[in-house]
Amino acid sequence: MSALTTALAGQWADRLARAGLCDPGQGLVACLDDDLAFSRPSSHQALVAACIDRLGVGCVILAPPAEPHRTILEFLAAREAPAIRPRDCETRTFFHDIPVIGEATPAAVVAALARRKGAYLPGVGILAHGALSPEQAFVTVSSVAFAGFVKFFADHLAAARAGTLDAAARTAFAAAVAKLPPPPTEVPPLARGPFADRESVLAAMAEAGRATVELGLVDSVFGNISYSLDGVLAISQTGAALDDLVGGIDCVPLDGSSCAGLTASSELGAHTALVRLDSRRAILHGHPRFAVILSMDCAAQDCAQRDACHVACPRERFVDDVPIVPGEVGCGPRGLVHTMPPALAADGGRRGVIVCGHGVFTMGADDFGVALADLCAIETLCRTRYFQALGTFPL
Amino acid sequence: MDQPSAHILFLDLATGACRREPLSPARRHADGGGRSLAGACFLAAQPDGAAGRFDAPATPVCLFPGGLAGYGLPGASFATLVGRSPHTGGVLTAAVPGGLGHGLARAGLAGLVLTGRAAQPNILVLDGRGARLIPAGALAGQGTRAVFAALAPWLGAVAVGPAGWSGSLLAMAVADGVHPVGRGGSGLLLAAKNLLAVVVTDGLAPHPAFVINPAKAGGTADSADVPELAGPADPAGPADAPGLAGVADPAGLAAARAAMLRLIDASPALAGPCGFGRFGPAALLDLTAGRRMLPTRHFRQTFFAQADQVSAPRLEALYAPRAVGCPGCPVPCRRVSATGAVLPDNDALSHLTALLGLADPHLAVAANTICLDLGLDPPGAAAALAFFAEVAGREPRPEMILDGLSALAREGAGATLSPLAVKGVALPGFDPRGAYGLALSLAVGTSGPDPWGGLCLAHELLRKPVATDRFTFAGKARAVFLGENVVAAAGAFGGCPYCTLAVGLEEWALAVAAVTGVPTCAGDLARLGERTVVRERLLNAQAGMDAAADQLPGLFFSQAGSSGDGINVAPLSRPDFLAARAGYYRLRGLTETGAPTDERASALELPCLR
Ligand SMILES: [Zn+2]
Ligand SMILES: [Zn+2]
């Protein structure tokens, strides 16, 4: 039993490294079955063991963040303690804030993790717990890193606009930018459609999902993808890893004759709305970072909805030809299900739509090639526009 | 600080004697309300601490609104009914959906502790004139549809049907005319007190004078002229709740509410195009069918080829029902047709079709509607009919079903029930062989097999918060332990079990802290939930229940389900099940017989078992 648990812990430690969340060998995963197993020896073992014991959970991850996340989170933790407030929509939905732990004692760490799914311990790393499985903690680590990244760059641009940047912010920004991975230059070729049968659809979705994650256009546990064929929408399941979609796709009849979509992505409603409005069959949704960051850059200082851009922005906004729409996760009254599909289907079909503070939706007529290329191009465009916007302010 | 504080009302139905006790802040902090506080008051009110019969006059019945039930939070209006299980003599807790919890809380009540037995059937009315007992007259023994029509308009109500008066172990209380109230004989608890209904009506007084005087009660409810089933009264706005304790941090409560709504909106199972808000919980039938865990022909099979003929979308197409929900809920989950037929939820639909081997959607809807009218547990009744047919060596005949249900309601305590049960309660519409955490949670549930009790449907079927492998016991003991704590804590504050798919203890903690002004974190609430479950365990142990009560029927260990489509439905491994149960006992702080250890009881500030 214990060997199995150790292997499980090791697998998730490797996955932290593959996702770029930790440098190889740095993530510490602790899993409890009959015994407590660690992915590696560490000076923090006692701390993590205390968390497992006092929280009664099955798994705790301690993730010393890889760069640029370390620079970013250290800066945010110093500035925002006792808690980092995320600005992106998805993290705000599932995390209220990210506590900054004051000291590396079991009492302080347990107190933070009794409140929240994850927390940041300055100088050490992201801590997250999973009641059910290591995956739960992994999702939290991934969310904390994403939320920190988005907040850091979005806050920086806002401060530049407001003229309130200080020396520390400039230094941290320069350090983080120096460690940014370069934007992807080449989009891999994907299977060409139209696809005639279920099997080739599922294979194409798995391939496209993997490529989207590999290009860094979404973290594996987020985003979603679908393809409609013969009145059935094949769509990734909620919480499915986009780079491992085998067995993670639901086939949902578009005539509403089955509730098989109960386990589908929380954006099922948006995907089916799109299918009705737009004849393109392939839909891809990622969370490319600079598109998310730039979508939250609003120059309207006197806007009545200043703090509610993501749900109630009254303006028509664009990055070049790509519209930015408000909308929350899912199918509620303020959900993106009402705003994104008409915007993407407009003008005979746009190349993409950015949902404010959340992510990007793109489509392809018969396969995912164009959808992926557009997703990538929109991110590259937003990255360029972001630094151009900064360049207009004296550094 | 001139805030009204909630009161617990102690009422002796035999004498009409009544006293109020303010709920102390310490008590409120320790137990919240709802399931937890009701359990605490039930334990405290035991005659001499001894386990009596469920229908002994001294045995209390507790009806408590969730601790946050009056504040307009989404999916948070529930009350909980706690008494002794007619099946086991241990504890029976039943969630009461609808407006009753909301109404009780807004009337300034933290709970009702009912003892004694009235000389004649009564209705307990809470309204602008306070609390009154009204003789039920000819309404007692009538269908719940007539009862609710006669009581309308109400803010919330719970009532007993004919099955309760005949003493059937399948008697189920019904809330607001459409909601089943738990299983395991909830209707018998009220009937044992000679109480037909508890009703909260509109026009609540600022400081209700609790006048209980059955002898001089104002008139008999007249049932001669039964109007159409009227809906509940419109829930009052927040300003119109004179009895509700004030909110320490209104902005914090608004933020908590917004967070809860965001999570519900983001939940595919609740707000998605296939979710409960669109089709009701019967939406799950398509999943149990597709996963080959749909109990079929009295559990002899786990796959029902005609499932698509009776699915929730099919019922929706046939009936075009309107949605009915609890106050403040954004995903109303009950479906009522234009003629007042109540569409079945998942357990009812599953057992009224696949378990009987019948694929008639009209029959399922008619049967469910009759069950609610009779105050009869639909899945339990369907399981009994499926068992009769099996014993008789024939297939159930459609034309016998409705009569069979009426007969079950008439026969009372003598009726034979399905042995495929835990703690006397028939297993629900999820085959244990198809999800192992669920199997464990069905076995160890304190009041019987509740598929929502350990929250395993969330991760084993609905992939929330992450998916787990449904065909393994690994990690499931902990999942059930933690899941039970979450569900129990939510139940303490009025939480709907369905909404626990989306709303977690972090959000509940935000709301509790905002209302009470006491800093509260998710971990605190998990401990409150843990205390609640262990207290129920203590009540069961006091009643002499042991590990044998936490067992699944032998069939599930010896017979395979219906494999196919690449899904292998093997019998459960008994050693693996027992190992998982032992693991659960260790985490829960129970002895090998399933009783709380003195150590755990003391740590949770509960009395020790003698
Ligand atoms: Zn997204
Ligand atoms: Zn704006």
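Predicted model: local features only at pLDDT ≥ 70, side-chain atom pairs only at ≥ 80, totals over all residues.
Residues are numbered from 1 along each chain as its sequence is written, chains are lettered from A and ligands numbered from 1 in the order in which they are written, and side-chain values use heavy atoms, with hydrogens and water left out.

- A:H287 and A:H358 link distant parts of the chain, 71 residues apart.
- A:H287 sits in the loop between β11 (282-286) and α10 (289-295) of chain A, while A:H358 sits in the loop between β14 (353-355) and β15 (359-364) of chain A.
- Helices (H or I, at least four residues) and strands (E, at least two) are DSSP runs, numbered from the N terminus.
- Both A:H287 and A:H358 are buried. Buried means under 20% relative accessible area, exposed over 50%, and partly exposed in between (1.4 Å probe, protein chains only).

**Two domains in chain A**

- Chain A splits into domain 1 (3-178) and domain 2 (198-389); such bounds come from an automatic or database domain assignment.
- The centres of domain 1 of chain A and domain 2 of chain A, taken over C-alpha atoms, are 26 Å apart.
- Domain 1 of chain A puts 23 residues into the contact, and domain 2 of chain A puts in 26 residues. Contact means heavy atoms within 4.5 Å.
- About 2100 Å² is buried between domain 1 of chain A and domain 2 of chain A, 65% of it on carbon and sulfur atoms. Buried area is the accessible area (1.4 Å probe) that two parts lose on being put together, summed over both.
- On the domain 1 side of chain A, A:C89, A:E90 and A:F146 lose the most area to domain 2 of chain A, together 28% of what that side buries.
- Between domain 1 of chain A and domain 2 of chain A there is one salt bridge, meaning a side-chain nitrogen of Lys or Arg within 4 Å of a carboxyl oxygen of Asp or Glu.
- A:D297 and A:R161 form a salt bridge, with the closest N and O atoms 2.6 Å apart.
- Five residue pairs (both at pLDDT 80 or more) are in polar contact between domain 1 of chain A and domain 2 of chain A. A polar contact is a pair of N or O atoms within 3.5 Å; within protein, one must be able to donate a hydrogen and the other to accept it, and residues adjacent in sequence count only if both atoms are side-chain atoms.
- On the side of domain 1 of chain A that touches domain 2 of chain A, α4, α6 and α7 (167-178) of chain A give two or more residues. There, α6(A) gives the most, with 13 residues.

**Other salt bridges**

- The whole structure holds 38 salt bridges over all chains.
- A:D155 pairs with A:R87 in a salt bridge at 2.9 Å, N to O. A:D155 is in helix α6 (residues 134-162) of chain A and A:R87 in the loop between β4 (83-84) and α4 (89-94) of chain A, 68 residues apart.
- A:D155 is partly exposed at 22% relative accessibility, and A:R87 is partly exposed at 26%.
- In chain B, B:D565 and B:R292 form a salt bridge, with the closest N and O atoms 3.3 Å apart. B:D565 lies in the loop between α21 (555-558) and α22 (574-588) of chain B and B:R292 in the loop between α10 (284-290) and α11 (312-319) of chain B, so the pair ties together parts 273 residues apart in sequence.
- B:D565 is exposed at 64% relative accessible area, whereas B:R292 is buried at 9%.
- B:D431 and B:R433 form a salt bridge with the closest N and O atoms 2.9 Å apart, and both residues are buried.
- Salt bridges with shared partners join A:R85, A:D97, A:R115, A:R116, A:K117 and B:E506 into one network.

**Backbone points to check**

- A:E67 and A:P68 are joined by a cis peptide bond, with omega about 5°. A:P68 is in the loop between β3 (59-63) and α3 (69-80) of chain A.
- A:A81 and A:P82 are joined by a cis peptide bond, with omega about 15°.
- B:H298, a residue other than glycine, has a positive phi near 50°. B:H298 is buried, with a relative accessible area of 2%.
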